[in-house]
Structure formats: C-alpha cells, structure tokens
Amino acid sequence: MTLEWSHDKAKDWIWRIGTQTRSVMQDISSSEPIGITYLWVFLFGFAFYYVQVDGQSLGNVASFGSIFLNGIWLAPLLGGGYWVLTSSLFWFLGRVWGGLATWQEMTTTVAWSYIPYLIKLVLIWFQFLFFGEEMFASASMITVLDLQLLLIFFSLLKMIVTVWFYIVQIRGVAEVHGIPTWKAATIVISCVLLLSILLLLLFQLLIFPI
C-alpha cells in the first residue's frame with residue numbers, strides 16, 4: 001500500500017538519509033515521492049557535470065563561460081542518462097542475484113542516494129569564490145601556495161563526500177533489493193566500473209562519479 005508523503009516527511013528523509021539509509025529507503029519505497037525524486041536527479045546532473053569538468057581539467061582548453069553555458073543543457077541530460085543506466089544495471093543484476101526490487105523502486109532509491117553527492121554543488125560554489133574562472137584548470141596552473149593548500153582541502157572534502165555517497169547508495173540498493181550489503185556493494189561497484197569502461201572504449205569519454 002502506498003502511503004502519502006508530505007514536505008515535512010521529505011525534509012526528515014533528507015536529514016536522515018546519510019546516517020539512517022535503510023529506514024529512510026523503507027519509507028520512501030512506501031510513499032513513492034515521484035516529483036521530488038526527479039529534482040534530485042536534476043541537481044545530481046549539475047554536480048556530476050561540474051565534477052567531470054573539474055576532474056578532466058577542461059578549463060585548460062575551454063573558457064569558463066562556454067563550460068557554464070554548455071552545462072545548462074548538458075548537465076540534466078548527463079545526470080538523467082547516468083541515473084537511468086545505473087538504476088537499470090543495479091536492478092537487473094540485483095534481480096539475477098536474488099533481489100526483489102521493482103525497476104521503479106530502484107530508480108527512486110538511486111535518485112535519493114544522490115543527496116550526499118549534492119554537497120559537491122556547495123563545494124563547487126566555494127571553489128568558484130576562491131579560484132574564479134580558473135577553478136576548472138589543472139592544479140599545475142595554480143602557483144600561489146595558499147591556493148594550492150586550499151585546493152588540497154577541497155579535494156579531501158570531495159573525497160569524503162564521494163565515499164559517503166557510495167555508502168548511502170550501496171545501503172539503499174541492499175535495502176530495496178533485500179540483499180546483504182556485500183552483494184549490493186559488488187553490484188554497485190562492478191556496474192559503475194563496467195559503465196565507465198564501456199563509455200571510455202566506445203566514446204573516448206572517461207565518466208566516473210567521483
């Protein structure tokens with residue numbers, strides 16, 4: 001039976017999903033909050049896009065303006081496509097391995113697992129305040145010691161967020177499929193690696209959610 005959800009419930013889920021993932025995913029699966037689920041996918045697209053731009057140092061070959069403008073239309077497509085592909089892989093392999101989730105339950109779970117990753121949007125904003133239009137350039141372009149140390153600090157914060165994001169996603173997949181955490185971890189890691197390798201071989205694009 002589908003339960004009604006409210007904005008207060010959604011706020012509670014947002015605050016708890018990073019530490020009480022399994023119980024939150026149980027509530028979400030029962031409530032099916034479709035509209036706000038798409039919001040997480042949309043925002044994830046922007047975080048994902050700017051992380052890829054930063055990781056590949058595209059600021060060395062493209063202007064900040066072009067990167068920003070391309071992100072307006074490319075980020076939602078990138079986020080939505082990655083969401084559908086990974087959700088489908090998590091669902092299919094999980095079902096093969098004895099999982100019980102429906103495809104809709106998996107897409108909802110994956111979308112809500114993006115919430116910790118969205119912290120990177122805040123970090124990217126602060127990076128822009130400190131580094132300006134050179135924020136997407138390679139680290140070798142930054143010669144001021146204080147800025148180098150600041151860059152290392154931001155890199156450490158983003159690494160922590162990445163680990164947190166994967167922990168939440170793995171726990172969410174385990175809960176919705178009704179499988180042990182180690183199985184969910186194997187599914188998530190193998191699918192992400194497989195998708196990244198295929199995109200690299202087929203399109204020469206290294207796309208990885210780090």
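Phenylalanine 44 is buried, at a relative accessible area of 0% (buried means under 20% relative accessible area, exposed over 50%, partly exposed in between, with a 1.4 Å probe and protein chains only). Its ring forms a stacked aromatic pair with tyrosine 114, at 3.7 Å centre to centre and 5° between the planes. This is a predicted model, where local features need pLDDT of at least 70, side-chain atom pairs count only at pLDDT 80 or more, and totals for chains, interfaces and linings use all residues. Residues are numbered from 1 along each chain as its sequence is written, and side-chain values use heavy atoms, with hydrogens and water left out.

**Overall picture**

- The protein has eight helices and zero strands (helices are DSSP runs of H or I with at least four residues, strands are runs of E with at least two, and both are numbered from the N terminus).
- Along the sequence, that reads as α-α-α-α-α-α-α-α.
- Of the 210 residues in the protein, 45% are buried.
- Take the contacts between residues at least 6 apart in sequence: 75% of them join residues at least 24 apart (contact means heavy atoms within 4.5 Å).

**Aromatic pairs**

- A pair of aromatic rings is described by the distance of the centres and the angle of the planes.
- The cut-offs go like this: rings of Phe, Tyr and Trp (its six-membered ring) pair if their centres lie within 6.5 Å, and planes under 30 degrees apart count as stacked, over 60 as edge-to-face and the rest as tilted.
- By this rule the count comes to 15 aromatic pairs.
- One of them joins tyrosine 38 and tryptophan 83, an edge-to-face pair with 6.0 Å centre to centre and 85° between the planes.
- Tyrosine 38 sits in helix H3 (residues 34-55) and tryptophan 83 in helix H4, so this pair ties together parts that are 45 residues apart in sequence.
- Tryptophan 83 counts as buried, at 11% relative accessibility.
- Back to the stacked pair, phenylalanine 44 with tyrosine 114: phenylalanine 44 lies in helix H3 and tyrosine 114 in the loop between H5 and helix H6 (119-131), so the two tie together parts that are 70 residues apart in sequence.
- Tyrosine 114 is buried too, with a relative accessible area of 0%.
- Phe44 and Tyr114 also belong to one aromatic cluster, together with Phe48, Tyr82, Tyr117, Phe165 and Tyr166.

**Helix H4 against helix H5**

- Two packed helices are described by the angle between their axes and the distance between the axes.
- For H4 (residues 64-96) and H5 (residues 103-112), the axes come within 9 Å and cross at roughly 125° (axes are lines fitted to C-alpha atoms, for helices over the stretch in contact, and angles run from 0 to 180 degrees between N-to-C directions).
- That makes H4 oblique to H5 (under 35 degrees counts as roughly parallel, over 145 as roughly antiparallel, 65 to 115 as roughly perpendicular and the rest as oblique).
- The H4 and H5 crossing is right-handed (a crossing is right-handed if the near helix is turned clockwise from the far one by less than a right angle, and left-handed if anticlockwise).
- On the H4 side, the contact uses Trp83, Val84, Thr86, Ser87, Ser88, Phe90 and Trp91, and these meet Trp103, Met106, Thr107, Val110 and Ala111 in H5.
- By class, the contact of H4 with H5 has eight nonpolar, four polar and no charged residues (Ala, Val, Leu, Ile, Met, Phe, Trp, Tyr, Cys and Pro count as nonpolar, Asp, Glu, Lys and Arg as charged, and the others, Gly among them, as polar).
- H5 is mostly covered, with seven of its 10 residues buried.
- The buried residues in H5 are Met106, Thr107, Thr108, Thr109, Val110, Ala111 and Trp112.

- Threonine 86 is in helix H4 and counts as buried at 2% relative accessibility.
- Not counting residues up to four places away in sequence, threonine 86 touches Val110, Tyr114 and Leu195.
- Glycine 71 is in helix H4 as well, and it counts as buried at 0% relative accessibility.
- Leaving aside neighbours within four places in sequence, glycine 71 is in contact with Phe46, Tyr49 and Pro76.
- Glycine 71 and tyrosine 50 are 7.8 Å apart in space, C-alpha to C-alpha, and 21 residues apart in sequence.

- Valine 168 is found in helix H7 (residues 145-177) and is buried, with a relative accessible area of 0%.
- Its C-alpha atom is separated by 5.8 Å from that of serine 113, 55 residues apart along the chain.
- Not counting residues up to four places away in sequence, valine 168 touches Ile17, Gly18, Thr21, Ser113 and Pro116.
- Glutamine 169 is also in helix H7 and counts as buried at 4% relative accessibility.
- With residues up to four places away in sequence not counted, glutamine 169 touches Phe90, Val110, Ser113, Tyr114 and Val188.
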